[in-house]
Amino acid sequence: MNKISVSAFIDRENRNTTLQLDKGSSVGTLLKKLNINPVNVIVSRDNELILEDEKLNNDDEIKILSVISGG
Amino acid sequence: MNCCNEKPVIGLLDGNKLCKNHFTEYFDGKVFKTISKFDLIGKQENLGVALSGGKDSLTVLSILNRLSKQNPKIKITAIAIDEGIRSYRDKTLEKARAFCEENKIKLDIFSYKNEFGLTLDEMLKILDVKPCTICGIFRRYLLNKKSRELKLTKIATGHNLDDECQSIIMNQMRNSIDASARLGPKAGMIQDNKFVQRIKPLYLCTEKETTTYAFINGLLDEFNECPNAVQSFRAHVRDILNSMEQKFPGTKYSIVNSFLQILPLLKQKFKNGSIKLCEKCNEPSANNVCNACVYLEKLKIKIVSMNLNVT
């Protein structure tokens, strides 16, 4: 199988989404697909921060957390 | 290049990637260097920390609390302003209270409702004004007045590099260069005993660095954005700057660093602004009546006229 399934929670939009990505896709690929500027977010998997070049695995649950100040 | 064998949590502009521990050390070091370089905190202070309950103010309070424990002559009080923005401020203040209780930090909360008779939500139903304008005027007014009454020597805020960068560009776009003279790691221009000096220990820390620090140190709560801020002028400028930063990393640092070089010239050019005392409330004012009193008067007039229309 050349595709992986990744679920992402985007906190700024308070929504979950599931994407099919090519095997070997990175966090950067995920953000690009979601049209999210990496400058605006930090990303976690299993409550650990991961960087843009981190490879994603099938069934990963990712949290995309906005760095933007609330007020 | 990775700092060590531990998993990196952030990549810096210079290409280095830092793990949790090395990043915490880097961030703390940056804040202390900022405090030292810009002479933000003296050997003895009765320091207020403006606390909203958001990640920036919790981060600065956390670091300054540690500083206070190492230097007992630096006392810390947290001061929070409750504007009365439903489903926003009540949530962030919960976090503020919890943090202060856990860390045994004195917290004073002052609300628009108690001080002015109306919450911000109520004010916005009465007056047709830009929410951020009126909110900022009343918040700064209360913060200064209450800090002075509490005999605080300085107020530290959680303003970071992104905030400063946005303000610099906003002032340029609005032809308000005099407002930029009041920016900088030590905010304000006029030395007067009616003003409590505001300082920004996170001045050289980006929003992303602050969020990473907050995440690692358990200071990051669920995302909560002020409903009034979403389509503000500042939000537009922020998005433009972050778009530039994505394409040209280092843009924001460059804007702030170049601004710091001209800030002394701006302060010199605009130093002759006079400070008066408001005729109504005796608080510092650029005019005969301060902005807070001007808006309170407008609110009073509108309420009276609304009551007359109803009866």
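Me: Hi! Which way do strand 1 and strand 5 of chain A run, parallel or antiparallel, and how many bridges join them?
Reply: Hello! In this predicted model, strand 1 (residues 3-10) and strand 5 (residues 61-66) of chain A run parallel, and 4 bridges join them.

Me: Nice. What is the bridge partner of A8(A) in strand 5 of chain A?
Reply: That would be I62(A).

Me: And strand 3 of chain A, how many bridges join it to strand 5 of chain A?
Reply: Strand 3 (residues 41-45) is joined to strand 5 of chain A by 5 bridges, and this pair runs antiparallel. To find a spot to look at, go to V41(A), which stands opposite S66(A) of strand 5.

Me: Great, switching to the interface. How many residues of chain B are in contact with chain A?
Reply: There are 25 from chain B, in contact with 16 residues of chain A.

Me: Which elements of chain B supply at least two residues each to that side?
Reply: Strand 1 (8-11), helix 9 (207-216) and helix 10 (233-247) of chain B do. Helix 9 gives the most, with 5 residues.

Me: How do the residues on that side of chain B divide into nonpolar, polar and charged?
Reply: The side of chain B that touches chain A has 10 polar, 9 charged and 6 nonpolar residues.

Me: Last topic, helix 6 of chain B. How many residues has it, and how far does it reach?
Reply: Helix 6 (residues 131-149) of chain B has 19 residues and reaches 27 Å from first C-alpha to last, close to the 27 Å expected at 1.5 Å a residue.

Me: Which of its residues are buried?
Reply: In helix 6 of chain B, they are I134(B), C135(B), F138(B), R139(B), Y141(B), L142(B), L143(B) and S147(B).

Me: And what follows helix 6 of chain B?
Reply: K151(B), with a positive phi near 60°.

Note on methods
Residues are numbered from 1 along each chain as its sequence is written. Chains are lettered from A and ligands numbered from 1 in the order in which they are written. This is a predicted model: local features need pLDDT of at least 70, side-chain atom pairs count only at pLDDT 80 or more; totals for chains, interfaces and linings use all residues. Two residues are in contact if their C-beta atoms, placed from the backbone, lie within 7 Å. Ala, Val, Leu, Ile, Met, Phe, Trp, Tyr, Cys and Pro count as nonpolar, Asp, Glu, Lys and Arg as charged, and the others, Gly among them, as polar. Two strands pair if DSSP finds at least two bridges between them. The expected span of a helix is 1.5 Å times one less than its number of residues. A residue is buried if 20 or more other C-beta atoms lie within 10 Å of its own, exposed if 12 or fewer, and partly exposed in between; C-beta atoms are placed from the backbone.
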